[in-house]
Amino acid sequence: MSIEKDRISTAQMVILGLFTFIGDMALVYPAAMTSVAHQDAWIAALISIPPGIALVFLFVTVANINPDKNIIELSQQILGKWIGSAVGVYYLFFFIIAASTYVREIEDFMCTQIYEGTPGGVIRFMSIVILVYGLRLGLETVGRAAQVFFPLFALFLVCLMVLLFPQVQLERIQPILNTPFPDMLHAVLFGVFYPFGEICVFFMVYPYTRKSRKINRDILLALILGALGLNLILFLSLTVLGAYFSEHNFYAAYILAQKINIANFLQRLEALMATAWIITTYFKTALYFYAFVLGTAQLFKLKSHRPLIFPVAFLIYGLSQLIAKNIIFYVKEIPDYWVDWDLTLSLVLPLIMLIVYKVRQRTAAS
């Protein structure tokens, strides 16, 4: 019997997936990709879409082994009690570190770009209070809130893209295919496992979705749209700011929004970009927070996950300060290792579980 009673619709799960996919990537993705592939980053990003979609279908295949169980329960069912529990703990460790990192990203962005005189601890505290409030209301409420905010987010993103097209200069992405193959491969791996790999948190949400018959199609379309949107932001960053400024600005998409100027009247729209980014990052952080709390409760056979929300909130508050010395450390140093972590959680472990399950099926059949 599951300790989670809330259920979300397929549409709500897809919107949450889109928010998780774009999330913090909307601001940091251009800098991360161009730091490796430079002016060819948009090509590497396009190449990464098909393997990224294949990765997500690996998630769905593994999740459908037993659609009523999340990754904590599924790993124990497939790999046995001890190895399965160890894999579950590994996922939980990623969930808590990821949630803490996103809270820290919100803090650093707000303190360096908008509220420059505000202590970081205040922004961090306010973020966690809103996260706790959302989780206390339950998964179903978070899903409905995502549906409410989605049109607003889509409007902001479309406005950013449309209003920047007059400033596009295609010569900024020349020469094309001038990046060495190892760097290009590195950028493609980044484009696959950074945004797509972090969808692995939906192993914890998928069992609590009222699945429609067309759920696979909906997931596919949402992620293709999300990938194209993210890559369009990268392309605009390269063609408006250039490869050098895209690489050396931590928040290239925010700088892009500052560049909008239509007839000296429609300008200074970066607040819209900041709002869209904070909306997506909030829901992404909430899902990772939820995944850790629910997974911990299931691992230790608790009757409810709700009593853990407040203690974990304090844990995230402290961890978000400890994970990095400053913004430069986690923007420049962490991503290379984070991609390896995403690869392990989104490809290696699900693939091992799928292979073990198939071998056990054949052994049982024979």
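Visitor: Which helices each supply at least two residues of the lining of the largest cavity?
Guide: Helix 1 (10–22), helix 4 (49–63) and helix 10 (215–241) do. Helices here are DSSP runs of H or I with at least four residues, strands are E runs of at least two, and both are numbered from the N terminus. This is a predicted model, where local features need pLDDT of at least 70, side-chain atom pairs count only at pLDDT 80 or more, and totals for chains, interfaces and linings use all residues. Residues are numbered from 1 along each chain as its sequence is written, and side-chain values use heavy atoms, with hydrogens and water left out.

Visitor: What counts as a cavity and its lining?
Guide: On a 1 Å grid over the protein atoms alone, a cavity is a set of points where a 1.4 Å probe fits but cannot get out, and lining residues have an atom within 4 Å of a point.

Visitor: Which residues lie nearest the centre of the largest cavity?
Guide: M13, V56, I199, F202 and I219, out of 16 lining residues. The lining divides into 15 nonpolar, 1 polar and no charged. Nonpolar covers Ala, Val, Leu, Ile, Met, Phe, Trp, Tyr, Cys and Pro, charged covers Asp, Glu, Lys and Arg, and the others, Gly among them, are polar.

Visitor: How much space lies in the largest cavity?
Guide: About 200 Å³. The volume is the space filled by probe spheres set on the grid points, which are joined across faces, edges and corners. A search of the whole structure turns up 6 cavities of 30 Å³ or more.

Visitor: Switching topic: is W341 buried or exposed?
Guide: W341 is buried, at 15% relative accessible area. Buried means under 20%, exposed over 50%, and partly exposed in between, with a 1.4 Å probe and protein chains only. W341 sits in helix 15 (residues 327–365).

Visitor: What does W341 touch?
Guide: Leaving aside residues up to four places away in sequence, W341 touches Y90, F93, F94 and I97; contact means heavy atoms within 4.5 Å. W341 and G197 are 144 residues apart in sequence, with 9.1 Å between their C-alpha atoms.

Visitor: And where does G229 lie?
Guide: In helix 10. G229 is buried too, with a relative accessible area of 12%.

Visitor: Zooming out, how many helices and strands does the protein chain have?
Guide: There are 15 helices and 4 strands. Buried residues make up 57% of the 366 residues in the chain.

Terms used:
1 Å grid on protein atoms, 1.4 Å probe; cavity = no way out; pocket = protein on both sides within 12 Å on 5 of 7 lines; lining within 4 Å.
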